[in-house]
Amino acid sequence: MTTAIEFQHVQKDFNGQTVIPDLNLTIDQGELFVLVGTSGSGKTTSLKMINCLEPLTAGKILVNGTDTTTIPVRSLRWQMGYVLQQIALFPTMTVAQNIAVIPEMKGTAKKEINQTIDELLAEVGLDPKEYRDRMPSELSGGEQQRIGILRAIAAQPDIVLMDEPFSALDPISRQQLQDLVLRLHARYHNTIVFVTHDMNEALKLGDRIGVMQHGQLIQVDTPAALAQHPVNDFVRNFFGASRAKNVYDVYVGRVGLIQGYLTEKPSVASGRIQSLDVQATLRTAFTALTDHDYVAVTEENRVVGYLDSQRIVAYLSQHEEVS
Amino acid sequence: MQTLIQTFIDRRGDLLTALWQHLGISLASLVIAMVIAIPLAIWVVRRPRWAEGLLQLTSVLQTIPSLALLGLLIPLVGIGTVPAVIALVIYALLPIFQNTYLGISEIDASIEEAADAFGMSRMRKLFKVELPIALPQIIAGIRTALVLIIGTATLAALIGAGGLGTFIMLGIDRNDTSLLLIGAISSALLAILLSALVRWFQTAKPRHALIVFVGILALLGGGGAYSVYANRVETITIAGKLGSEPEILINMYKQLIEAEDEHVHVTLKPNFGKTTFLFSALKNNQVDIYPEFTGSVLETLGKGNNPAGQTANQTYQLAKQRLAKQEQMTYLKPMQYNNTYALAVTKKFQQEHHLKTISDLTQVESILKPGMTLEFIDRNDGLKGIKKTYGLDVTAKSMEPALRYEAISKGKINLVDAYATDSELRQYHLALLKDNKHFFPTYQGAPLMKTSFANKHPKVVKALNKLAGKISETDMQEMNYEVNVKKQSASTVAHRYLVKHGLLKEGR
């Protein structure tokens with residue numbers, strides 16, 4: 001697998017204070033990499049150093065093997081999409097004009113841009129006829145960030161940087177947009193670096209997750225490895241702290257991730273097994289288990305594993321404080 | 001109301017000219033202020049320390065009273081349109097600069113970050129993102145500046161730049177409310193209209209906005225080009241102070257000069273300003289000739305001691321010498337009338353008591369009921385001096401200038417102070433008393449010009465000298481009366497006089 005982004009001994013100082021002492025990280029091409037951490041951990045700064053919004057104090061970052069400081073900053077940025085927490089659509093431009101910002105600068109033909117805009121809008125479930133000429137202020141928060149994502153990917157960049165893009169949205173929009181990111185990633189196979197402080201989001205999205213604290217990468221691993229083998233208490237607690245407020249709202253996917261699935265298909269009649277999406281909550285699972293023996297946890301209609309009531313109870317007793 | 005409409009109809013030509021001048025000065029100032037303030041504001045957006053300083057500076061400039069600012073500019077750039085435009089630009093800077101600066105610097109940091117992250121160039125970011133977002137605020141600043149400019153531009157009349165202020169000045173000077181109202185209302189309407197136009201620019205389709213903008217530019221440019229065209233022959237510019245009398249005089253000058261020399265075109269600038277403005281205009285070659293009073297030369301213009309009790313001729317000679325020596329100017333021979341302070345009584349009162357001179361007043365001292373302006377009562381060269389010089393013992397009631405004429409015509413008072421050529425003397429049938437002891441300084445009018453100009457234009461000098469010793473006080477009162485009260489044009493009145501006295505042939 002080829003490397004898309006590589007941090008080599010990156011150091012970052014703010015006003016003479018070192019906030020990132022020595023960062024080393026390799027992100028593969030086509031990977032959805034999530035940087036997760038509490039506020040002030042240096043995750044956003046790390047992200048902004050990739051497209052040179054923040055200059056490096058020492059070390060270097062390679063993008064597709066080239067030192068970013070040797071590439072003209074504008075052409076570097078043209079090959080990277082960027083999605084902001086504040087969404088920051090240009091308020092005086094229509095939806096279509098916002099999406100067209102980068103293709104226009106790159107000199108793409110008008111006709112081609114218009115076609116791309118219509119395709120992208122349709123892709124995210126917004127009717128082009130209705131939405132093309134709307135102003136950002138006429139959209140809901142979730143709709144705005146859809147356009148924010150389209151603006152970032154309109155020029156088909158190899159790399160998309162997302163800085164806590166959904167943290168200001170309501171839970172329903174957040175879920176829809178997380179699904180959208182997964183779908184777009186599956187479709188375009190681009191490299192996505194996604195910053196969040198929400199471990200659930202990280203677990204749901206990340207191919208790999210990097211946990212940051214005080215400017216250092218503490219652990220970089222797949223979601224399952226991270227859940228089952230946290231390297232220290234910080235990671236464990238951070239993981240714990242991301243649990244739902246109410247135990248009934250815990251995702252079944254999370255139980256499987258932490259407690260482990262039954263990997264063998266239980267040898268019972270298929271009528272005794274209820275299929276549930278990883279995003280389903282324990283509330284749904286308990287209801288299902290009143291007249292079924294097992295639940296089959298599925299992700300995009302593919303069975304990930306099986307859970308029975310013992311596993312769920314074991315998870316609850318070990319990982320969730322019943323308040 | 002009827003007089004207002006009548007004045008409006010009589011003056012609509014003048015009003016159009018003034019409106020045009022006003023519009024020209026205002027728009028020129030606005031455009032210059034925009035060209036300075038907007039790029040400057042854009043430049044300082046990333047330099048907060050500069051921004052702070054410039055905001056302070058423009059605020060300070062804003063607090064200078066407009067009159068003082070105009071006064072400060074006169075020694076630097078003279079008078080006329082240039083200092084007026086400079087002053088107006090200075091006033092317009094703050095609102096435009098401040099609104100542009102705030103409009104851009106208050107843009108959400110995340111939007112700036114997005115523009116940077118997408119690799120926009122500095123210029124692209126400015127024109128595609130920053131200016132469109134700041135536009136409503138910038139337009140608001142421009143509108144504030146525009147209203148400010150149009151209001152303040154009325155003061156331009158004070159320094160000879162013309163405009164609607166001329167009507168206001170004349171209105172005040174002649175105590176003519178109609179003129180004053182026409183000036184004030186037109187300037188207010190102009191402000192409202194232009195402000196609406198600017199707002200329309202903000203919302204209009206770019207193509208329409210462009211067409212209208214080019215149209216306005218073409219109109220103004222055409223006006224400018226026309227004035228250049230009209231001035232292509234070397235013209236002589238003659239200006240006059242505020243009021244009907246100088247306006248009548250300069251019309252006489254024009255008619256006499258053009259009759260004498262057919263190749264000369266004379267431009268008149270009536271109501272051009274006050275004594276010192278006109279004098280510096282002459283010095284700076286913005287004006288070639290203007291009528292000045294001998295007394296004013298000694299009092300305000302030349303340097304030196306002014307001996308008391310001078311005769312009219314002595315005063316003129318002294319003024320002429322000083323101007324020639326100190327300023328290299330030629331002061332032609334004066335006309336007959338003396339527009340000085342004077343004492344007046346009704347003709348009836350004069351005949352009843354056989355009064356001819358101020359000395360005669362001592363005989364009727366006991367029945368005198370003087371009503372005079374506060375200014376005159378208080379001056380040493382006014383009533384105080386008169387009492388001493390003529391041994392007169394009276395106490396005067398102080399009255400508003402306009403009221404004292406009313407009062408004497410109704411018999412409430414029987415002695416007033418006046419200027420010797422006031423049209424009211426004619427209007428209320430008053431007679432002047434002779435200043436037999438030469439107490440009042442002489443104020444005789446005569447054409448003033450640079451010596452270099454006089455040498456180059458002997459025909460002009462010859463033409464103007466025809467007026468020497470002409471026009472008595474009663475003639476001047478009569479002509480002022482015809483212009484001020486009967487609303488005849490100064491040009492007609494001047495022409496009638498010249499023809500009647502054989503200075504000009506009929507039917508020009």
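This note goes through a predicted model, taking chain A and then a helix pair of chain B.

1. Residues are numbered from 1 along each chain as its sequence is written, while chains are lettered from A and ligands numbered from 1 in the order in which they are written. Because the model is predicted, local features need pLDDT of at least 70 and side-chain atom pairs count only at pLDDT 80 or more, whereas totals for chains, interfaces and linings use all residues.

2. Chain A contains 14 helices and 13 strands (DSSP runs, numbered from the N terminus: H or I of at least four residues for helices, E of at least two for strands). Of its 323 residues, 37% are buried, a residue being buried if 20 or more other C-beta atoms, placed from the backbone, lie within 10 Å of its own.

3. In chain A, an open sheet of 4 strands runs in the order β2-β1-β4-β5 with antiparallel pairing, where two strands pair if DSSP finds at least two bridges between them. Strands β2 (17-28) and β5 (66-67) of chain A each have a single partner, so one side of each lacks a neighbour in the sheet. Strand β1 (residues 3-14) of chain A is joined to β2(A) by 8 bridges, and Phe14(A) stands opposite Gln17(A) in β2(A).

4. In chain B, helices α2 (residues 48-63) and α4 (residues 81-105) pack at about 145°, their axes 8 Å apart; axes are lines fitted to C-alpha atoms over the stretch in contact, and angles run from 0 to 180 degrees between N-to-C directions. Among the residues making this contact are Leu54(B) of α2(B) and Phe97(B) of α4(B), with contact meaning C-beta atoms, placed from the backbone, within 7 Å.

Key
Two residues are in contact if their C-beta atoms, placed from the backbone, lie within 7 Å. A residue is buried if 20 or more other C-beta atoms lie within 10 Å of its own, exposed if 12 or fewer, and partly exposed in between; C-beta atoms are placed from the backbone.
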